[in-house]
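Please take a moment to look at the structure on the screen before we discuss it.

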Amino acid sequence: VVLHSPIATGLRTMTDDGTCSPVRLFACLEPFNNLRAMKRISSTVFIIHGTEDEEVPCSHGEMLYAAAQAPYPPYWVEGAGHSDIVENHSDEYFQQLRKFVEVCRSREAKAAQGPGYPNEE
């Protein structure tokens with residue numbers, strides 16, 4: 001699973017401050033609770049997020065990373081916003097994706113070999 005500039009929850013994109021914030025008042029009605037959904041994802045999760053994202057703060061990616069059952073080291077893109085990671089960091093972006101896919105394929109191959117297969121990690 002690859003999450004690119006993900007939201008932790010829909011309400012958190014509005015505000016997360018104060019006792020009477022929408023996050024606290026309407027949490028039970030949250031339609032996009034990706035934090036809760038992370039508990040059901042057993043696959044390896046790779047999160048990519050720009051550190052200067054003003055639309056969905058990088059803290060959303062950090063929360064999802066912390067909640068992941070099988071997290072892969074995240075790619076925090078220094079200085080990137082919400083929509084410019086691929087455009088301004090394409091070489092590194094695709095290198096990171098390729099590396100993630102290779103790791104997933106390697107794990108899949110080891111799993112297919114069964115329990116006696118040597119662990120190279």
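I shall begin with the chain as a whole and then turn to two of its residues.

Please keep in mind that this is a predicted model. The chain contains five helices and three strands.

Next, the contacts and the surface. Among contacts in the chain with a separation of 6 or more, 67% are accounted for by residues 24 or more positions apart. The accessible surface of the chain is about 7,700 Å², and carbon and sulfur atoms hold 51% of that area. Of the 121 residues in the chain, 32% are buried.

Let us now consider alanine 37, which is located in helix H2, spanning residues 34-38. Is alanine 37 buried or exposed? Its relative accessible area is 19%. A residue is called buried when this value is under 20%, and therefore alanine 37 counts as buried. In sequence, alanine 37 and alanine 8 are 29 residues apart, while in space their C-alpha atoms are 9.5 Å apart.

Glutamate 54 has a relative accessible area of 78%. The term exposed applies to values over 50%, so glutamate 54 is classed as exposed. Glutamate 54 also belongs to a negative surface patch, which it forms with Glu52, Glu55 and Glu78.

Thank you for your attention.

Technical notes: Residues are numbered from 1 along each chain as its sequence is written. This is a predicted model: local features need pLDDT of at least 70, side-chain atom pairs count only at pLDDT 80 or more; totals for chains, interfaces and linings use all residues. Side-chain values use heavy atoms; hydrogens and water are left out. Helices (H or I, at least four residues) and strands (E, at least two) are DSSP runs, numbered from the N terminus. Buried means under 20% relative accessible area, exposed over 50%, partly exposed in between (1.4 Å probe, protein chains only). Patches are made of residues with over 30% relative accessible area and no salt bridge: like charges are joined within 9 Å, nonpolar side chains (Val, Leu, Ile, Met, Phe, Trp, Tyr) within 5 Å. Accessible areas come from the Shrake-Rupley method with a 1.4 Å probe; for residues, only the protein chains shown count as cover. A salt bridge is a side-chain nitrogen of Lys or Arg within 4 Å of a carboxyl oxygen of Asp or Glu. Lys and Arg count as positive and Asp and Glu as negative; His and the chain ends are not counted. The place of a charge is taken as NZ of Lys, CZ of Arg, CG of Asp or CD of Glu. Contact means heavy atoms within 4.5 Å.
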